[in-house]
Amino acid sequence: MAIELFWGSGSPFAWRVLLALEYKRLPYVSHVLQFSKQEHKSPQMLALNPRGRVPVLKDGDYVCFESLAILYYLDLKYPQPPIFGRTPEEAGTIMRVICEYQAYIEPRLTTIASGYFRVTRICPVMRSPTRCTRVANEARTIEGRRRSPTGSSGMPARRSTWSSFPASSC
């Protein structure tokens, strides 16, 4: 039985799972839900995820929701290619970056993004460009740890896309 993914357009958490499925080259059936029709809150979806949120992955009789839980499940069930690294050191580094992102960058990005999607009032973020600078600085802090040719984790260093992000812009 094929993997089924229930997701909604515009959900970065769903995109995370879609990318993982494509990266692992796993066949899946895509079910795009329309938020405007509240399809994610339908009785059928609430039976899969009582929180009424996406993404939701169904693999045979097993149902998993919350994007990181889905990624972890996929990595253990379908180990090649690995998402969370091949060694304990790689896995630790990957998990640290995920945790740092969720703790320090994601809340600020959510504040900024919500300002763009709320048309009814001016978002305080737009009056305070320093918040944009803080997001960029947090990203630089995370990426800045990988300056040596092999990176501090022993993994090959990647070119940072944040290094060219101007600190004063948003």
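A residue counts as partly exposed when its relative accessible area lies between the buried limit, under 20%, and the exposed limit, over 50%. In this predicted model, Arg96 is partly exposed, with a relative accessible area of 29%. A search of the whole structure finds 3 salt bridges, and Arg96 takes part in one of them, with Glu100. Side chains of opposite charge can pair when their charged atoms come close.

**Arg96 and Glu100**
- The closest N and O atoms of Arg96 and Glu100 are 2.9 Å apart.
- Both residues belong to helix H4 (residues 88–117), where they sit 4 residues apart, about one turn of the helix.
- Glu100 is buried, at a relative accessible area of 10%.

**Asp75 and Lys24**
- A salt bridge joins Asp75 to Lys24, with 3.1 Å between the closest N and O atoms.
- Asp75 is in helix H3 (residues 67–77) and Lys24 is in the loop between helix H1 (12–23) and strand E2 (28–33), so this pair ties together parts that are 51 residues apart in sequence.
- Asp75 is buried, with a relative accessible area of 11%, and Lys24 is buried as well, with a value of 5%.

**Lys77 and Asp59**
- Lys77 forms a salt bridge with Asp59, and their closest N and O atoms are 3.9 Å apart.
- Because Lys77 lies in helix H3 and Asp59 in strand E3 (residues 56–59), the pair ties together parts that are 18 residues apart in sequence.
- Lys77 is partly exposed, with a relative accessible area of 46%, whereas Asp59 is buried, with a relative accessible area of 9%.

Note on methods:
Residues are numbered from 1 along each chain as its sequence is written. This is a predicted model: local features need pLDDT of at least 70, side-chain atom pairs count only at pLDDT 80 or more; totals for chains, interfaces and linings use all residues. Side-chain values use heavy atoms; hydrogens and water are left out. A salt bridge is a side-chain nitrogen of Lys or Arg within 4 Å of a carboxyl oxygen of Asp or Glu. Helices (H or I, at least four residues) and strands (E, at least two) are DSSP runs, numbered from the N terminus. Buried means under 20% relative accessible area, exposed over 50%, partly exposed in between (1.4 Å probe, protein chains only).
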